Amino acid sequence: MDSDKEIVCGADIHKDFLIATMISRSGLKLQERFNMNQDGLLAFRSWIINHRCQRLAVESTGGFWYPIFTILEGHVEFILANAYQIRNIEHKKTDKLDSERIAIYCLNNLITPSRIYPKDYRDLRSITRARETLVNARSKIKNQIHQSLSTCCIKLSSVISDSFGKSGRYIIDRLLEGKTIDQIISGIPSKRIRKKEDELREAIKNGLDPVQVFLIKANLDVIDDISKKIKILEAEIAEKVKPFEDDLKIILSVPGVGFISAATIIAEMGDYRDFPSADKMAKYFGIVPSVYQSAGKLRTGKITKTGSKHMRRILVEVAKAISRTKKNSRLMRFFQRILARCGKKNIATVALARKVLCIIYHLLMNHENYQEPEVTKTKPKIPSSVSPIRMMDIDEMIKIISQAGYLVEKDLKEGCG
């Protein structure tokens, strides 16, 4: 393509509108404002096509670029620019100047395009991140219940590792009912927990006051509601991950990786063939040390933390799971070597997380499962791919919508499938 005749566009995107600047080396400069609704985006597409624009560059600001990419896909080369890479270092800043600056960067090939994941990966990633948000919200509410129990001098978490497991939930429910400690201990489902009778009596010497009872009950209801929604999302994840079944089996063969971890890794990684090497992938996800060199002296620091924080979180969780196992696997021995050398568990965990990512990359590239004689991994539990929403018939859906206060009429016509 003749660079002098090339026409490019830069767009500064906001929630309700965008400012677009179209330029070329021959002196063309056009600037328009479009609304970020259906009519506005269609008008923007017509404007792009009518002026024969070859490339469009936008800043990756939140999810505002998604509808633009969807409506222009196949009509123009779409360049998604990292906000940090094209940041404005000048003092004067306006929407029009930002739009023009992005267009100039695009015209001079100064933008390294960010990866745009295919729709299957984007859909899976949206659901895994939604589940992560709900899990974090549930953990926050659990901490509030722990705080309420501590306010009444009840130290249940010091005796039971999971206060919201079967036995822990039983104890909390009986405390809310005002049962005595003898009644509580005699009915605990787990024999292992019942053997801790002396510790339980020491931890539960007090009852709950009415205010804390009210707060804990309200929080428990929210936890139950969130847990139901998490199960629905997990069923949807099992459905969305089906196109990547072969990759899922390979990743699940790695020690410490469960179904949700594997699905999250697939969603955040996207097409692993986009990376020429495992080191490039590790660098992309910010799990490599930062490097500083001056006057011939090389110093390494903390990891860069660029890229997806969700990928780093799940890799660290996998590394922690491996470090807690009692099996003398290669990965466990690697963790122990790093720990003995640096003396810091966090550093050893991050190093193991990077190693796991590199192993997954090589396994996927070679289409091989992880194999180690010392490791016999149990079959992971995979949620049912049929979510409760999919299992409801039309009458159940109408009943739920009617209970919400809406008027619903069922109209069945012949010939309608």
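1. The largest cavity in this predicted model is lined by Tyr121, Asp247, Ile251, Ile266, Met269, Gly270, Tyr272 and Leu364. Its volume is about 30 Å³, and the structure holds one cavity of 30 Å³ or more. Helices H10 and H11 each supply at least two residues of that lining. A cavity here is a set of points, on a 1 Å grid over the protein atoms alone, where a 1.4 Å probe fits but cannot get out, and lining residues have an atom within 4 Å of a point. Grid points are joined across faces, edges and corners, and a volume is the space filled by probe spheres set on the points.

2. Residues are numbered from 1 along each chain as its sequence is written. Because this is a predicted model, local features need pLDDT of at least 70 and side-chain atom pairs count only at pLDDT 80 or more, while totals for chains, interfaces and linings use all residues, and side-chain values use heavy atoms, with hydrogens and water left out.

3. Helix H10 covers residues 245-252, and its buried residues are Asp247, Leu248, Ile250, Ile251 and Leu252. Buried means under 20% relative accessible area, exposed means over 50%, and partly exposed lies in between (1.4 Å probe, protein chains only). The buried residues of H10 pack against helix H11 (259-269) and helix H15 (345-366). Helices (H or I, at least four residues) and strands (E, at least two) are DSSP runs, numbered from the N terminus.

4. Within helix H11 sits Glu268, a residue that counts as buried because its relative accessible area is 1%. The Glu268 side chain makes a polar contact with the side chain of Arg129, at 2.9 Å. Such a contact is a pair of N or O atoms within 3.5 Å; within protein, one must be able to donate a hydrogen and the other to accept it, and residues adjacent in sequence count only if both atoms are side-chain atoms. Leaving aside residues up to four places away in sequence, Glu268 touches Tyr117, Arg125, Arg129, Phe285, Ser308, His310 and Met311, where contact means heavy atoms within 4.5 Å.

5. Helix H13 (residues 309-323) has 15 residues and reaches 21 Å from its first C-alpha to its last, close to the 21 Å expected at 1.5 Å a residue; the expected span is 1.5 Å times one less than the number of residues. At the start of H13, a side-chain oxygen of Ser308 comes to within 3.3 Å of the backbone nitrogen of His310. The buried residues of H13 are His310, Met311, Arg312, Ile314, Leu315, Val318, Ala319, Ile322 and Ser323. Their cover includes H4, H11, strand S7 (297-303), helix H14 (330-342) and H15.

6. Is Leu315 buried or exposed? Leu315 is buried, because its relative accessible area is 0%. Not counting residues up to four places away in sequence, Leu315 touches Ile265, Ile287, Ala353, Val356 and Leu357.

7. The largest pocket has a volume of about 890 Å³. Of the 26 residues that line this pocket, the closest to its centre are Ser60, Asn82, Ser114, Tyr284 and Gly307. The elements that give two or more residues to the lining are helix H2 (65-72), H4 and helix H12 (278-284). A pocket differs from a cavity in being an open set, with protein on both sides within 12 Å along at least five of seven lines.

8. Two residues have a backbone angle to check. Most residues other than glycine have a negative phi. Arg52, although not a glycine, has a positive phi of about 55°; Arg52 lies in the loop between helix H1 (38-50) and strand S4 (55-59) and is exposed, with a relative accessible area of 67%. Cys153, also not a glycine, has a positive phi of about 60°; Cys153 lies in the loop between H4 and helix H5 (166-176) and is exposed, at 52%.

9. For the record, UniProt lists residues 249-329 as "domain: Transposase IS116/IS110/IS902 C-terminal" in an unreviewed entry. UniProt positions are given in the numbering used here, feature names are shortened, and annotations may be inferred rather than shown by experiment. Over residues 249-329 the chain is 46% helix and 16% strand, and the end C-alpha atoms are 20 Å apart.
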